[in-house]
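Dear colleague,

I am sending you the structure for your records, with the sequence alongside.

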Amino acid sequence: MKSDKLRLDSLAVGYNGVPLISDITLSLAKGEILTLIGPNGAGKSTILKSITRHLATIAGTVYLDEKNMQTIKGTDVAKQLAVVLTERIRPELMTCFEFVSAGRYPYTGSFGMLTEQDREVVKKALEKVNALDIADKDISRISDGQRQRVLLARAICQEPEVIVLDEPTSFLDIRHKIELLGILSDMAKNSGISVVMSLHEIDLAQRISDKIVCVKGDRIAAYGTPEEIFSDDTIKKLYDIECGSFNALLGNIELASPCGEPKCFVIGGGGLGIPYYRALQKRGIPFAAGILLGNDIDLAVAAPLAKYVVKTPPFMTASSGDIAEAEKLIDSVGVVIDCGCPMGGMNSFNSELLQYAAEHGKTLIRSLAELKEAEL
Amino acid sequence: MSKTRNCIVFLLFLILLIAAVILSAHVGSVSISAKDIISIVFRGDRSNSVAYNIIWKIRLPRIVLASLLGGALSLSGFLIQTFFRNPIAGPFVLGISSGAKLFLAITTIIMTGLFNQMPVSVTVVASFVGSLLSLLLVLLFTGKVRNMSILLVIGIMISYICSAITDLLINFANDSDIVNLTHWSKGTFSAATWQDVYISAFIVLPTLLVVFLASKPMGAYLLGEGYAKSLGVDIKLFRIFLVLLTGVLSSCVAAFAGPISFVGIAVPHISRQLLKTSKPILMIPASFLCGALFCVLCDLAARTLFAPTELSISTVTSAIGAPIVIWLLISRRRKNEV
C-alpha cells in the first residue's frame, strides 16, 4: 500500500480552544497536490496553520510520514515540511539569495554558515522558480510575482517532502498565476514533493489538483478528486452562488442572466454566438438562443445566459418539433440576430429559421456593431 | 565582492577605534603625546608620574568603559530592532531607563533619609535592579502579547508611569538629595574607575558571546515569526531570550553611565548601511565595534568641546544621533515610495 506523506485524522482546528472546523480527515500521497477551496473566512488558512503547527490543534492528529507531528522536533519537521505564508515579509537590506538561503536553516551548523553544497542547493531552487536573475536584488524591491517565486524557492531549498502554501496565487496576474502553478505541478510530478495549498481560483484548482477539499461551515463540505467535486451543484452550494454560474467542465464563469421574456432570438453556432450572448447580458437584454447542436461550444454560454435555448442532441439534426419551438420563439420577439455561423449540412435548419424571420418582418442584425446601434 | 566590503568595514572600525582611543588619551587639560601614551600603557613607564596617573587612573578607565558600554548599548539596540523587526526601535523604548530612574529615586530618598548619604556603588546597584524590574514587567507582557506594536506601546506606557511616579517623588524630596539623580539621568562616563570597567566587562562580554551564539536563529527570525517557526525556532522562548539580553545590556549601561540616548537607535543603523546587510553574524560584531567607536568619540567631544565645562554624554549623542534617526525615517519613506 502506498503510504501517506501527510494525513489528518479527525482533526479539529480553531482559535483559543474553540473549534472552528472539526472532523477533518484527509490524506496525501507522495507527489500529490491537494487544494483547499471555499469562500472567504471559511477557515482554509486555519487548517493550513494547524498543519504547519503555527496554530495549536484542538483535537485529532496530524501525521507526517506516518509519525505524529506533535512528537517530532521542530528542526526535523523543517526538513520534511516547508511553508509559503501570506504574512508580509519586510527584512531590511536582504538579497533574494540570502532570503532563500534561510531555508537551509535545518541543515546548517550552529552559526548558520552555508557550505558550497548549500549554495548549490539555493542556486538550484532559484533556478527552478526562474529567479536566478534576481538573486542579488533586494527582496523589498521586487515585484509581487517575483516575490511569490522567491518565497517558493525558499521552501524548495528546505528540501522538504511536503510544501504547504497559503493562497500562493493571490495578488498575481494571470501569467504569474499560471507560471507559479506550473512550477508547483512540475515539482510534484518530477520531484515527488506533495503539495497542500489553498486557492481562490476554483478553475485553476480543478486543473492542478489531485484532490480537492471544500471548506465551509464547521465540517469539510466535500472531499474528493476534482472530477467528483466539480459538478455544477457542489460549487454553487460551496460559494452560495445565487446569481451567475460556473461551468465546472470548462471552468467557465458567467454573470447572472437578464430577467424577463426574450426580446430577441440569437441564431448562433461554432462559438460565434458567444460574443453576442455576452453583449446582450451586459446590456441586460433577455434573449432566446437556437438552434444549437448539443455539442456546440455556444451552448456552454447560451445555457446559463439565455432565457430559452433550443438545442438538438449532439451531432443530430433538428427535429420538426425543435424547429416549431424556435419559430414560436421568433414569433414572440421583434429582432433576430444572425451571428454569421455557416449554415448548411447538419445545421441547415438555421437558414430556414432566418428565412422564416425575414418573411415575418423581423429586424435582422448581422454584426456586433449593428447590435450596438439597435434599439431593443 | 561583499566579502571585501565586510573586511574593509571591519578594518575601518578597528583602525578608527584605535585612533579614537589614542586621541582620547591624548586630549585633555594636560595633553600627553602619543609616544608617551604608548610607553606608559605598554611599558609601564612611570618617569612622568603625573602623566602616568592621568592615563591609568583617569583617562584609560573612562575610555575603556565608554567603549564597552557604547558597544553594549549599540548591540542591545540591534537586538531590540531585530525583536521588533523595526529599525527605529531603541533599547530604552521598553521602559528600562525610566524604571531604573524610579528605583534610583526611591533608593536615594530612603538612603538619604536613613544614612544621610548615597554612595556611588548603591547608585549603580539601584539603577541596575530598577532596570531589571521594569524588564521583568516587560517580559510578563512579552509572553502574553502577540502583537509587536502593542508591546512597543506598553513599553512607552510603562515609561510614562515610572516617570510620573519619579516626578511625584522628586516633588517631595529635598533638592540636595536628588542631585545624584539629576546627575545620573543626564548620563556620563566621568569618574569611571577600573572597578566599573571590570564589573561591566564581566556582564557585557559574556552577554556578547551569548548573543553571537544566537546569531543563527536571529537570522531566521528576520524573515518573520511564521517562517522562523516553520524552520524550527522556538518563537516564545526566543522572544524572551532577546528581551532578556537587551535588558541585561542596557541595564548595565544605565547603571554605570545613565540612560544614554540615541546610540542604540542610530549606531546599528549606521553599521547596517555600511555593511549593506542585516545578517546577525556580521551585524553583531559590527554594531558592537561601531558603538564603542561612537561612544569614545562622543565622550571625547563631551569633555573637550566646552572644557573645562563637561557636557553630559547624552547631549552629544542626541545632537548627533537624532539627525541620523530623522534621516533614517526620511530615507525609509523614500524607499517605500519607489
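The notes below take the confidence of the model, then each chain, the contact between the chains, and the nonpolar cores.

Please keep in mind that this is a predicted model. For the complex, the predictor gives an ipTM of 0.83 and a pTM of 0.84. Chain B has a mean pLDDT of 85, and 97% of its residues reach 70 or more.

**Chain A**

The secondary structure of chain A consists of 14 helices and 17 strands. Its radius of gyration is 27 Å, well over the 21 Å that the globule rule gives for 376 residues, so chain A is more spread out than a compact globule. Taken along the principal axes, its C-alpha atoms fill a box of roughly 90 × 45 × 35 Å. Of the 376 residues in chain A, 41% are buried. Among its contacts between residues at least 6 apart in sequence, 65% join residues at least 24 apart.

The domain assignment divides chain A into domain 1 (4-247) and domain 2 (255-373). The C-alpha centres of these two domains lie 45 Å apart. Four residues from domain 1 of chain A and four residues from domain 2 of chain A make up the contact. On the domain 1 side, that contact has one nonpolar, three polar and no charged residues.

Two local features of chain A may be of interest. The first topic is helix α11 (residues 298-305) of chain A, which is mostly covered, with six of its eight residues buried. The buried residues in α11(A) are A:D298, A:L299, A:V301, A:A302, A:P304 and A:L305. They pack against the strands β11 (245-247), β12 (252-254), β14 (287-292) and β15 (308-311) and against helix α10 (274-283), in chain A.

The other topic is A:L132, which sits in the loop between α4 (116-128) and α5 (144-156) of chain A. With 16 other C-beta atoms within 10 Å, A:L132 is partly exposed. Not counting residues up to four places away in sequence, A:L132 touches A:K123, A:L126 and A:E127. A:V150 is 18 residues from A:L132 along the chain, and their C-alpha atoms are separated by 9.4 Å.

**Chain B**

Chain B has 14 helices and zero strands. A compact globule of 338 residues would have a radius of gyration near 20 Å, and chain B, with 20 Å, agrees with this. Its C-alpha atoms fill a box of roughly 65 × 60 × 35 Å along the principal axes. Buried residues account for 48% of the 338 residues in chain B. Of the contacts in chain B with a separation of 6 or more, 77% are between residues 24 or more positions apart.

B:C298 has 26 other C-beta atoms within 10 Å and is buried. Leaving aside neighbours within four places in sequence, its contacts are B:I313, B:V316, B:T317 and B:I320. B:T315 lies 17 residues from B:C298 in sequence, at a C-alpha to C-alpha distance of 9.2 Å.

**The contact between the chains**

How many residues of each chain take part in the contact between chain A and chain B? There are 23 residues of chain A in contact with 21 residues of chain B. On the chain A side, α2 (74-80), β6 (81-84) and α3 (96-101) each supply at least two residues. The largest share of that side, four residues, comes from α2(A). By class, the side of chain A that touches chain B has 14 nonpolar, six polar and three charged residues.

In soluble globular proteins, nonpolar side chains tend to be buried together. Here, the largest nonpolar core has 84 residues, and those with the most contacts inside it are B:L65, B:L69, B:A72, B:C252, B:V253, B:L293 and B:V296. Helix α3 (residues 49-84) of chain B gives the largest share of this core, 16 residues. Apart from this core lies another, of 83 residues, which includes A:A125, A:A153, A:I212 and A:F230. Returning to B:L293, this residue touches B:F13, B:L16, B:L17 and B:A20, not counting residues up to four places away in sequence.

With kind regards

Methods
Residues numbered from 1 in each chain as written. Chains lettered and ligands numbered in written order. Predicted model: local features only at pLDDT ≥ 70, side-chain atom pairs only at ≥ 80, totals over all residues. Domains from an automatic or database assignment. Contact = placed C-beta atoms within 7 Å. Nonpolar A, V, L, I, M, F, W, Y, C, P; charged D, E, K, R; others polar. Rg over C-alpha atoms; globule rule 2.2 N^0.38 Å. Buried ≥ 20, exposed ≤ 12 C-beta atoms within 10 Å, placed from the backbone. Core = buried A, V, L, I, M, F, W, Y, C linked by C-beta atoms within 7 Å. pLDDT = per-residue confidence, 0-100.
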